[in-house]
Amino acid sequence: MENVDLSKEGLVGWLEENDEQRVKALLDSAYNIKAKNIGTKVFLRGLIELSNKCSKNCCYCGIRNANKSVARYELSEEQVLDAALFAWKANYGSLVLQAGERTSLAYVKKVTHLVQQIKHLSNGELGITLSLGEQESDVYKEWFDAGAHRYLLRIESSNPDLYAKIHPRDGHHSWERRLKAILDLKDIGYQTGTGVMIGMPYQTSEDLADDLLFMKNIGIHMVGMGPYLKHSQTPMGELYNEEPNLELSLKMVALLRHLMPRINIAATTAMQVIDKYGREKAIMAGANIIMPNMTITEVRKEYQIYENKPGIEDDAAISKGKLEENLRTQGIEIGWMEWGDSKAFGDSLQMKNKYL
Ligand code: 5AD
Ligand code: SF4
């Protein structure tokens with residue numbers, strides 16, 4: 001296709017493009033850029049939702065602290081290690097440990113210990129990604145030294161004013177603090193991921209274009225982004241919002257692939273909520289990572305950051321089987337037993353070695 005204009009105006013134009021043929025050409029060319037730069041394999045990260053306890057109150061999230069109708073849980077060490085063992089034996093290259101945000105010393109130590117144990121039980125073979133919110137930089141360092149090598153922390157929106165609208169003004173939800181945490185993670189040496197929600201109330205196409213440019217400007221290594229989905233037990237769930245639109249998320253993925261050909265981009269579960277094949281469509285638009293759920297069935301329904309989360313009755317083996325079947329029907333190849341690290345991260349290390 002013709003050169004894609006990746007200036008802010010160009011990005012806004014694409015985000016507002018309705019012509020089916022042009023949108024299809026954009027998504028196809030993003031797939032080709034991926035194939036040329038990092039290949040077409042999809043890498044899996046088994047997702048373990050450690051705990052739904054959270055000290056925060058993000059206005060969009062179903063497990064926010066103020067939602068008293070959620071039964072709070074925390075997996076035991078044994079339950080987490082069982083899930084990790086399942087993932088390793090099933091030839092998954094990597095795991096993601098995700099939970100609400102907590103900062104107590106006991107919790108920090110528990111995570112450190114878990115990371116060490118997972119490394120140990122898999123002979124160092126399982127790559128570990130953490131997604132445990134904002135922490136002090138010495139905590140990030142402790143977890144890094146324990147063996148975690150990737151961290152996901154979404155900026156949610158690159159627009160500080162929009163960030164302020166979708167979080168309570170209670171002194172605990174600061175855009176600047178979030179940005180600092182992301183930059184700390186990069187400094188420590190993590191492969192660092194961020195992301196945004198797409199289609200939120202108050203959000204404009206300009207905001208989304210700025211989000212893409214923000215990711216490029218801070219030199220992020222990985223991105224997970226997906227549609228904003230209403231949760232009725234949240235303050236934002238009461239606001240009017242248009243129906244979530246998969247195409248807008250696919251265009252975001254494709255444009256990001258054009259901007260950052262060698263990063264890892266996740267096809268997120270939220271995309272699967274609005275379309276059974278949402279994740280596979282994202283792969284065809286330039287994404288290269290999928291995070292199948294490995295959490296034990298008993299607690300899955302309690303980790304609903306949005307409603308209609310898919311697969312809450314399934315266990316890890318069923319989630320794995322369904323995903324493999326979906327990928328097979330689409331002719332998408334899986335990178336078994338590989339970490340599937342961000343090539344952009346490798347590039348940045350090489351640059352450092354060359355010039356520093
Ligand atoms: N819709 C879509 N994504 C959501 N998240 C939280 N609540 C929602 C929602 N209602 C996302 C946020 C957070 C990640 C863990 O889940 O981006 O960073
Ligand atoms: Fe907690 Fe994350 Fe939900 Fe915010 S988005 S309330 S930090 S789990």
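Modeller: The second largest pocket here has a volume of about 360 Å³. This is a predicted model, in which local features need pLDDT of at least 70, side-chain atom pairs count only at pLDDT 80 or more, and totals for chains, interfaces and linings use all residues. Residues are numbered from 1 along each chain as its sequence is written, and side-chain values use heavy atoms, leaving out hydrogens and water.

Biologist: What is a pocket?

Modeller: Rolling a probe the size of a water molecule over the atoms shows where empty space is left. On a 1 Å grid over the protein atoms alone, with a 1.4 Å probe, a pocket is an open set of points with protein on both sides within 12 Å along at least five of seven lines; lining residues have an atom within 4 Å of a point. Its volume is the space filled by probe spheres set on the points, which are joined across faces, edges and corners.

Biologist: Which residues lie nearest the centre of the second largest pocket?

Modeller: They are Gly199, Met200, Glu242, Asn245 and Leu248, from a lining of 18 residues. Helices α8 (205-217) and α9 (246-259) each supply at least two lining residues; a helix is a DSSP run (H or I, at least four residues).

Biologist: Which residues have the most contacts inside the largest nonpolar core?

Modeller: In soluble globular proteins, nonpolar side chains tend to be buried together. A nonpolar core joins buried (under 20% relative accessible area, 1.4 Å probe, protein chains only) Ala, Val, Leu, Ile, Met, Phe, Trp, Tyr and Cys residues through side-chain atoms within 4.5 Å. The largest has 102 residues, with Leu130 and Met225 having the most contacts inside it. Helix α9 gives the most to this core, nine residues.

Conventions
Chains are lettered from A and ligands numbered from 1 in the order in which they are written. Buried means under 20% relative accessible area, exposed over 50%, partly exposed in between (1.4 Å probe, protein chains only).
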